[in-house]
Amino acid sequence: MLRIAVVEDNDTDRKVITDAIATFEKEENENFHISEFHDAMDFLEQRKTDFQIVFMDIQMPYMDGLEAARKFRERNTEAALIFITSMARYAVHGYEVDAMDYIVKPLNYYSFNLKMKRAVKYVHSREQQQFIIQTKNGLVKASIGDIKYVEVLGHKVIYHLEEKDVEAYGSMRKVMEELPENTFSLCNNCYYVNLYYVTSVEGYIASLGDIQLQISHPRKKSFMKALNDYVGGCSA
């Protein structure tokens, strides 16, 4: 599920954007969670920073989109940022905040579709970023997206992948430094879980399909918060 933010003060324009995203979602068989914000302050005041695609209107009251983008980039440097504007000349400043593209009002769906495909491709490519595991027999390359969870037993680290398990030596601290914290979370001191694979949580058990992992009492609150943030703020 890709997490998308739409920051637009005009209700009509915001609906046009969200409708276009919904159409793209159906046409391209994607899965999106869309969060809508009425102005830049509303967007910046919420605590979630792990949006993967952000549509940002440039001309808004209280704080314009360029200033909001600068503040957002202090917390998230990886999201695909697309400006929305009625005058293209304002969008030329997008390079200052590493914007990917811009959309000129009124929205043309054909043009939107091309820009959206580029943004989605960028996000998916980051999700498939290669990860190198140092084992006693050499190096193993894996995609971060293929790691279901990492198990640490003493100095032994087991990467549970989609197709196999890979053993290495290390520590949970090192694992947490190498894998993105907005995608992974500790459910106890032994398991660092890829939140994408969590299918349910019942009591103190996190299920990853057929796999069941124990959630420790001290970790329950932070794990549930991380999971809620990942899926877009849905209550669990």
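Biologist: How much of the protein chain counts as buried, and what makes a residue buried?

Modeller: Of its 236 residues, 47% count as buried. The cut-off is a relative accessible area under 20%. Keep in mind that this is a predicted model.

Biologist: Why is Ser143 called buried?

Modeller: Its relative accessibility is 6%. Buried means under 20%, so Ser143 qualifies. Ser143 sits in strand E7, which covers residues 138-143.

Biologist: What does Ser143 touch, leaving aside its neighbours within four places in sequence?

Modeller: Ser143 is in contact with Glu127, Gln128, Gln129 and Gln130. Contact here means heavy atoms within 4.5 Å.

Biologist: Ala142 also lies in strand E7. How do you know whether Ala142 is buried or exposed?

Modeller: Set its value against the cut-offs. Ala142 has 5% relative accessibility. Under 20% is buried and over 50% is exposed, so Ala142 is buried. Not counting residues up to four places away in sequence, Ala142 touches Gln129, Gln130, Phe131, Ile133 and Leu161.

Biologist: How far is Ala142 from Lys225?

Modeller: Their C-alpha atoms are separated by 27 Å. Along the chain, Ala142 and Lys225 are 83 residues apart.

Biologist: Where does Lys148 lie, and which residues does Lys148 contact beyond its neighbours within four places in sequence?

Modeller: Lys148 lies in strand E8, residues 147-153. Its contacts include His160, Leu161 and Glu162. Among the others are Val193, Asn194 and Tyr197.

Biologist: What makes Tyr62 stand out?

Modeller: Tyr62 has a positive phi of about 75°, although it is not a glycine. Most residues other than glycine have a negative phi. Tyr62 is found in the loop between strand E3 (53-57) and helix H3 (65-73).

Biologist: Why is Tyr62 called exposed?

Modeller: Its relative accessible area is 73%. Exposed means over 50%, so Tyr62 passes.

Biologist: What about Asp98: how do you know its class?

Modeller: Asp98 has 53% relative accessibility. That is over 50%, so Asp98 counts as exposed. Asp98 also has a positive phi, of about 55°, and is not a glycine. Asp98 is in the loop between strand E4 (80-85) and E5.

Biologist: Which peptide bond is cis?

Modeller: A cis bond joins Lys105 and Pro106, with omega about -5°. Most peptide bonds are trans. Pro106 is in the loop between strand E5 (101-104) and H4.

Biologist: What makes a residue part of the lining of the largest pocket, and how many do?

Modeller: A lining residue has an atom within 4 Å of a pocket point. There are 47 such residues for the largest pocket. Arg3, Pro180, Glu181, Asn182 and Thr183 lie nearest its centre. The space in this pocket is about 1200 Å³.

Biologist: Which element gives the most to that lining?

Modeller: Helix H6 does, with six residues. H6 spans 217-231. Other elements that each supply at least two residues include strand E1 (2-7) and helix H4 (109-127).

Biologist: How many helices and strands does the protein chain have?

Modeller: The protein chain has six helices and 15 strands. Its C-alpha atoms fill a box of roughly 60 × 40 × 35 Å along the principal axes.

Notes:
Residues numbered from 1 in each chain as written. Predicted model: local features only at pLDDT ≥ 70, side-chain atom pairs only at ≥ 80, totals over all residues. Heavy atoms only, no water. Buried < 20%, exposed > 50% of the residue type's maximum accessible area, 1.4 Å probe, protein only. 1 Å grid on protein atoms, 1.4 Å probe; cavity = no way out; pocket = protein on both sides within 12 Å on 5 of 7 lines; lining within 4 Å. Points joined across faces, edges and corners; volume = space filled by probe spheres on them.
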